Amino acid sequence: MKVRQQGLMFIAIPLPHYCFISLFIFCMINLFRFVFLAAMIIMANGCARNPYATTNKAYKKQAKGYAKLLREYPVEDSAGLNYAPSWTGTTNFTMRRPNFVVIHHTAQNSCDQTLKTFTLTRTQVSAHYVICRDGTIHHMLNDLLRAHHAGASRWGNATDINSSSIGIEIDNNGFEPFTDAQINSLIDLLGRLKRAYNIPSTNFVGHADVAPGRKVDPSRYFPWQKLAENGYGLWYDTTGVVIPEGFNEMQALRIIGYDIKNPANAIQSFKIHFTPADSTSMINDDDKKILFDLEKKYQ
Ligand SMILES: [Zn+2]
């Protein structure tokens, strides 16, 4: 009881008015200092952790713009025509999915350099994934959005490859072997993409395959045979193969998927992929056997 009485007495002691004002100002100043310091620490940490905070914000803004476009109804996409007097939306749909994977080497000297290249709007180039020398995978763009990696390209009768593919860039300058860590990460990633989007083995290709004469990546160091053994792309077996009379090698290249408008370019791309030790643009009998075997597998 004594304690309570003392407490009451303490509270009841009237303080001069200016004491409350001083206390209030003191508290506000300290609160402001605290908030300012906390903000600085958060900002400093943010900058240290992610130098791409600004471009990530730009990504989100752009993605929001596309989300808005998808929400529009009546539908006003690029076809943009209202044929019926009233709009009726179907209830049965999903997002479009990629059906090809195009593999590249960056022709740059580091992952950091490539991340920077893909976040500068003036370069206008990008990829869904970048794989660093230590096997780290950077997922830079949602698989359902269109990256700018293939450019003018063709595989079979597919021409707008950017619209239907996933682009994977591997950090490599083009004159060096790929690291084991990179290939292991790549194979793991390809497995996930193949399962997620049901991409056929024939549709895992290189940039050089879809852009003959214009691109030579991934380079002759790229282990296409190992990839094919894992189910990404196909490989040949010429054991016991006899070249039939009248075999047409250019037609075989076309059936595999190559654009044969310029035969020398198509042959060069085929050799980068399937006979990397041969830098000529001539088709010899061994090549014909390979082509005959591949033609049957790709058709
Ligand atoms: Zn490329």
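In strand β4 (165-170), Ser 165, Gly 167 and Glu 169 point one way, Ile 166, Ile 168 and Ile 170 point the other way, and all are buried. A residue is called buried if 20 or more other C-beta atoms lie within 10 Å of its own, exposed if 12 or fewer, and partly exposed in between, with C-beta atoms placed from the backbone. In a regular strand the side chains alternate between the two faces of the sheet. This is a predicted model, in which local features need pLDDT of at least 70 and side-chain atom pairs count only at pLDDT 80 or more, while totals for chains, interfaces and linings use all residues. Residues are numbered from 1 along each chain as its sequence is written.

**Overall composition**

- The protein has eleven helices and five strands, taken as DSSP runs numbered from the N terminus (helices H or I, at least four residues; strands E, at least two).
- Of the 299 residues in the protein, 24% are buried.
- Among contacts between residues at least 6 apart in sequence, 66% join residues at least 24 apart; two residues are in contact if their C-beta atoms, placed from the backbone, lie within 7 Å.

**The sheet**

- Five strands form an open sheet with mixed pairing, in the order β3-β2-β4-β1-β5; two strands pair if DSSP finds at least two bridges between them.
- The edge positions belong to β3 and β5, each with a single partner strand, so one side of each is left without a neighbour in the sheet.
- Neighbouring strands of this sheet are turned by 20° against each other on average, direction ignored; axes are lines fitted to C-alpha atoms, for helices over the stretch in contact, and angles run from 0 to 180 degrees between N-to-C directions.
- β4 is mostly covered, with six of its six residues buried.
- β4 pairs with β1 in the parallel sense over six bridges; Ile 168 in β4 is the bridge partner of Ile 103, and Ser 165 in β4 stands opposite Phe 100.
- β4 also pairs in the parallel sense with β2, over three bridges, and Ile 170 in β4 has Ile 131 opposite.

**Helix α6**

- Helix α6 packs on the sheet, touching β1, β2, β3, β4 and β5, and its direction makes about 170° with that of β4.
- The 18 residues of α6 (residues 180-197) should span 26 Å at 1.5 Å a residue, and the end C-alpha atoms are 26 Å apart, which agrees; the expected span is 1.5 Å times one less than the number of residues.
- Gln 182, Ser 185, Leu 186, Leu 190 and Leu 193 are buried in α6.
- Seen down the axis of α6, its buried residues fall within an arc of 140°, so they line one face of the helix; the arc is that of the directions from the helix axis to the C-beta atoms.
- The exposed residues Asp 180, Asn 184, Arg 192 and Arg 195 lie on the face of α6 turned away from its buried side.
- Just after α6, Asn 198 takes a positive phi of about 55°.

**Ala 127**

- Ala 127 lies in the loop between α4 (111-117) and β2.
- Ala 127 is buried, because 26 other C-beta atoms are within 10 Å.
- Leaving aside residues up to four places away in sequence, Ala 127 touches His 104, Phe 118, Met 140, Ala 147, His 149, Gly 167, Ile 168 and Glu 169.
- His 138 is eleven residues from Ala 127 along the chain, and their C-alpha atoms are separated by 9.8 Å.
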